[in-house]
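Let's take a walk through a protein together. Keep the picture in view and follow along as we go.

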Amino acid sequence: MNRVLSLSPFSSLNPFTNRLVVKMSATATSNVGIPAGSLVVKPPAHPTYDLNGVIQLALSEDAGDRGDVTCKATIPVEMEVEAYFLAKEDGIVAGIALAEMVFKEVDPSLKVEWYVKDGDSVHKGLQFGKVHGRAHNIVVAERVVLNFMQRMSGIATLTKSMADAARPAYILETRKTAPALRLVDKWAVLIGGGQNHRMGLFDMVMVKDNHISIAGGITNAMKAVDLYLQENNLQMGVEVETRTIEEVNQVLEYSSRTETSLTRIMLDNMVVPLSNGDVDISMLKQAVELINGRFETEASGNVTLETVNKIGQSGVTYISSGALTHSVKALDISLKIDTALALEVGKRTKRA
């Protein structure tokens with residue numbers, strides 16, 4: 001018989017031995033369940049995201065309907081070991097707090113110790129943490145812990161590089177995140193030193209090209225937004241996308257004669273790539289000068305690690321990059337019980 005596992009609050013069922021039918025619940029994200037000592041950067045808020053549920057879903061998809069048959073076959077139930085986290089390349093570590101949540105969900109008796117914290121630099125060959133307890137449960141948790149940590153660390157590593165290069169502008173991610181991992185991906189951006197764009201469709205009005213086309217122009221779209229917010233007594237950020245200097249002027253003209261809720265103007269694809277690999281930011285600078293500090297500005301399009309520094313010198317407030325999360329390269333991290341052998345193999349393969 002199938003069991004139904006409600007993913008919030010924590011269930012007392014063992015999710016690694018029986019088949020599960022998973023139901024996501026609408027529980028607001030909070031810091032409940034995150035060990036206080038490891039929480040250096042808080043996850044972003046979301047009214048319905050269930051972080052504990054995401055962890056349980058990740059564990060249950062791994063366990064299937066039988067649990068870890070290899071562990072059951074090879075590891076005595078009561079055997080205890082120590083396993084060490086090993087960085088196989090340089091980068092920014094992220095996901096430590098989330099890793100502790102995974103270990104706690106699998107076996108609350110596991111003892112985890114870290115030598116670094118979220119947002120710290122690690123180098124190839126560094127042992128940066130350890131977990132002690134029942135070997136079976138450590139191995140069961142291993143892949144889910146590493147999947148989260150490697151993805152988050154990859155995002156944090158790229159974000160750190162982009163954020164440093166973008167100054168004085170601030171770097172943002174977008175909604176181009178992995179399905180069901182929106183909060184996790186955006187948390188990693190914060191750990192890497194970036195800032196979060198809107199969490200979803202609910203927390204910011206963002207008037208983009210399709211909205212403008214359907215509304216019959218940028219002025220009509222802005223009028224509709226202001227009316228909607230007024231009628232529904234809503235206060236939130238409002239951003240409008242512009243693609244030409246003409247559209248920037250239309251927004252400025254509307255705002256000069258109308259009380260508006262507009263807070264930010266997106267300057268989309270005003271960074272023009274050149275054949276020599278450089279970019280032309282003259283249109284972007286012209287738009288920023290026209291806006292003249294009346295609204296926040298956000299550059300979008302053709303943002304790479306190679307171009308972000310030049311874009312950051314244009315005077316824009318923010319630079320958004322979907323690549324932070326949609327094209328992430330995971331940071332190579334392992335969890336090893338026999339660390340001496342792992343280092344020997346790593347040196348042979350140039351991965352430690």
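Predicted model: local features only at pLDDT ≥ 70, side-chain atom pairs only at ≥ 80, totals over all residues.

Residues are numbered from 1 along each chain as its sequence is written, and side-chain values use heavy atoms, leaving out hydrogens and water. Helices (H or I, at least four residues) and strands (E, at least two) are DSSP runs, numbered from the N terminus.

Start with a sheet. Strands of a sheet pair through backbone hydrogen bonds, either parallel or antiparallel. Here, two strands pair if DSSP finds at least two bridges between them. An open sheet of four strands runs in the order β5-β7-β3-β16, with antiparallel pairing. At its edges sit β5 (111-114) and β16 (333-336), each pairing on one side only. Now zoom in on β3 (residues 80-87): four bridges join it to β16, and Leu-86 has Ser-334 in β16 as its bridge partner.

What lies across this sheet?

Next, look for rings. Rings of Phe, Tyr and Trp (its six-membered ring) pair if their centres lie within 6.5 Å; planes under 30 degrees apart count as stacked, over 60 as edge-to-face and the rest as tilted. That rule gives five aromatic pairs. One of them is Phe-85 with Trp-114, a tilted pair at 4.8 Å centre to centre, with 35 degrees between the planes. Phe-85 is in β3 and Trp-114 in β5, so the pair ties together parts that are 29 residues apart in sequence.

Now for the other sheet on our tour. This open sheet has six strands in the order β8-β15-β14-β11-β10-β9, with parallel pairing. Its edge strands are β8 (170-172) and β9 (205-207), and the twist averages 25 degrees from one strand to the next. Five bridges join β11 (residues 264-268) to β14 (residues 296-300), and Arg-264 stands opposite Glu-296 in β14. Helix α7 (residues 218-231) packs on this sheet, touching β9 and β10 (238-242).

Methods: Axes fitted to C-alpha atoms, helices over the stretch in contact; angles between N-to-C directions. Contact = heavy atoms within 4.5 Å.
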